[in-house]
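Below are a few notes to read alongside the model.

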There are 2 protein chains.
Amino acid sequence: MRPGGVRRLRTPATAVPGPTVSTVTASRRDPGPSPRGEQTRELIVATALRLFRERGYEATTMRAIAAEAQVSVGNAYYYFPSKQHLVQAYYGQSQGAHAAAARPCLETESAFQARLHGVLLARVDTMQDEKGFAVDFFRFAADPQSPLSPFSKESATAREMSIGLYEEVVHGAKGLKVPAELQESLPELLWLYQMGVVLFWIHDTSPASAKTYALVERTVPLVGKLVHLTRYRLLRGVLSDLLDLLRELGPIQGSAPGRLTDRERRSARSE
Amino acid sequence: MRPGGVRRLRTPATAVPGPTVSTVTASRRDPGPSPRGEQTRELIVATALRLFRERGYEATTMRAIAAEAQVSVGNAYYYFPSKQHLVQAYYGQSQGAHAAAARPCLETESAFQARLHGVLLARVDTMQDEKGFAVDFFRFAADPQSPLSPFSKESATAREMSIGLYEEVVHGAKGLKVPAELQESLPELLWLYQMGVVLFWIHDTSPASAKTYALVERTVPLVGKLVHLTRYRLLRGVLSDLLDLLRELGPIQGSAPGRLTDRERRSARSE
DNA sequence: CCTCATTGTTGAACGCGTTCAGATTTCTCT
DNA sequence: AGAGAAATCTGAACGCGTTCAACAATGAGG
C-alpha cells in the first residue's frame, strides 16, 4: 500500500549532461517519446538482452528482467506489450551485425556468385555465433502469428534493410547479365532464398550447423547457375511464370486478418 | 482431501460388450496399454479435439478438457506429457483426411501433372476446411523444437504416409520419364514442395486462402515443366547438384541434440 | 481371502506471462 | 507558483500449463 515508494536515482550527479538544457520542447510539438521514458525503455531492453544471452530465452522470466533492471514488471509491460516484443531489439542488432559482416565482401568481391556467397555466409556466421539462443528468436520468426514474423508490419524496416543487402549484391556485381524483368525482382528472390537457408538453419541440429554450411556451399553455385541460365530460351518460360506468380501473390500477409488470437486483438490497439 | 471419491461409471450397463470375455491376457504378455487406460486415453483425446474445434487451441484450457472429460487435470498429464501432444492425434486425422481426399484423383488421373495437382489440392482443401484452427496446429509443425515438427521422430509414421502419397503420384503416372537418379528422390522432393505450400498457407491471410490456391495453380505446371526439363542436358548439371545435396544433407535432424530446452529434457525421459 | 506391486487418478500448488486499478512523477499552461 | 493533464510506474492478482505427493483400483500370487 505504498506504491511508488523509494526510487532508484535515475540521473545521478555523475550522469552525462548532454542536452539537459531546458525542457527541450525545441521543434514544434515533438510527438516522439520523451527522453525520460526512452531511458527506461533502453534500460529494460538492454537488461533483457543481457539476460537472454546469459540464460536463454525461456529461462529468463519477466520478473527477473524487471528485478535486474530495478523496475516493476508492470513497467516493462508499459513499454513492451509482450515478452516477444523484447526480442525485436535483438532482431535489429542481429540485422546490423549481418550488414557489418557482409560489408568487406561487398567492397572487395565483384563477381555475382562471390558476392552472394559472402553475404549469405555472413548471415549464417553471425547467427551461428550465438546459436542455441538465436534459434529461440528465429523460431518466432517462423511463426506467422508472431509480430516477429519477417513478413509482419513490425518487421518492415528490418526486412527492407535485409533486402537492401541483396540489392547491393546484384547492383554491384560486374558482368552480371540478367533479363530486365528479373533484374527488379532478383534481390527479393535472393532474400527469400536467404529465408529458406535460415529456416533450414533453425531446424539444423548437426554439430556446428555443418549441414547449413554445406547447404550454402552447394546451393550458391546452383543459384548462380540458374541465374546464368535465365538468359537462355529454355528457362525463360519457367522464369516468367515464376515472376508472374510473385507479382500476383504480392505480400503474403496484410490482406485479410483471418481469425485473430486474443493476443493479436489486444496488440492491435497499440497502433 | 477426498482423492478418488465418486467416479463416473466407466462401463455402464449399456456398454458395448465386445471382447469383454475374460481378462484378455490372451497373447503372450502384451506390453501394450491395458484396455482400461486406453479407454481413458481416448476419452481425453476425443474431448480435447472436440473442444479444440469448438473453441480453438489457445482458448481451450487443460482444465476445461479435464472437466469436460470428467477427469482430473493430472490424469490428462498421465497420458499426454503436454498440451501439444494432444495435437498429434489431430495430425493423424488430418493425414487420413488428405489420403482419403486424394484417393479419387489417384485412381482416375494418369498424367503426372494432373496427379500432382490433385494430391496437392487435396492437401490444401482438407486443411482449409478447418482453417483458423488448423493453422494453430501446422504452426507448431513449423517449430523445430516442437515434437510436432514433421522432421521429428514422433512424426515419422505420418511423414512416411505423406511421402507415400507422392510415391503413388510418381509411380502411377503414365508416360512420365525422368532420369533414373531422380526417380528415387522425386517423391521426397514433391513432399518437400508440399511442405513449402503448407508453410505458405499458414502465412497466407488472404480471404479463403486464395493466394495459396493461386500458388498451387501456378507452381504445379511449373514443377511439371521442370521435371520434364530434367531430360535435357542443360538442366542435368543443376539436377545432379541438387540430388547430391539431398544425399549429403540426409535427415536434417537427429544428428546432435543442440541445446535442449527444459521441456525437451523432461520429455526425453518418456522414451 | 489377503498381500502387494503396478497402474491409474486426484487436486492443491508452483511459476510463468500478463493485466489492472490506482499511485506518483513530469509536463503544460496560466 | 499552482492546477490539471499526460506520462510513467507499481505490485497484487488472474489464468494458464505443468508438477507432485499422495491416494485408490486392479489383478496376480500365495
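1. In chain A, 71% of the contacts (heavy atoms within 4.5 Å) between residues at least 6 apart in sequence join residues at least 24 apart. Please keep in mind that this is a predicted model, where local features need pLDDT of at least 70, side-chain atom pairs count only at pLDDT 80 or more, and totals for chains, interfaces and linings use all residues. Residues are numbered from 1 along each chain as written, chains are lettered from A in the order in which they are written, and side-chain values use heavy atoms, without hydrogens and water.

2. Chain A has 11 helices and 0 strands (DSSP runs numbered from the N terminus: H or I of at least four residues for helices, E of at least two for strands). Of its 271 residues, 45% count as buried, meaning under 20% relative accessible area, with exposed over 50% and partly exposed in between (1.4 Å probe, protein chains only).

3. Lys174(A) sits in the loop between α7 (156–171) and α8 (180–203) of chain A. With a relative accessible area of 66%, Lys174(A) is exposed. Its C-alpha atom lies 52 Å from that of Asn75(A), 99 residues away along the chain.

4. Do look at helices α4 (residues 88–108) and α6 (residues 134–141) of chain B: their axes come within 11 Å and cross at roughly 105° (lines fitted to C-alpha atoms over the stretch in contact, with angles from 0 to 180 degrees between N-to-C directions). The two helices, α4(B) and α6(B), are therefore roughly perpendicular, a label for 65 to 115 degrees. Tyr90(B), Tyr91(B) and Ser94(B) of α4(B) meet Ala134(B), Phe137(B), Phe138(B) and Ala141(B) of α6(B).

Key
Parallel < 35°, antiparallel > 145°, perpendicular 65-115°, else oblique.
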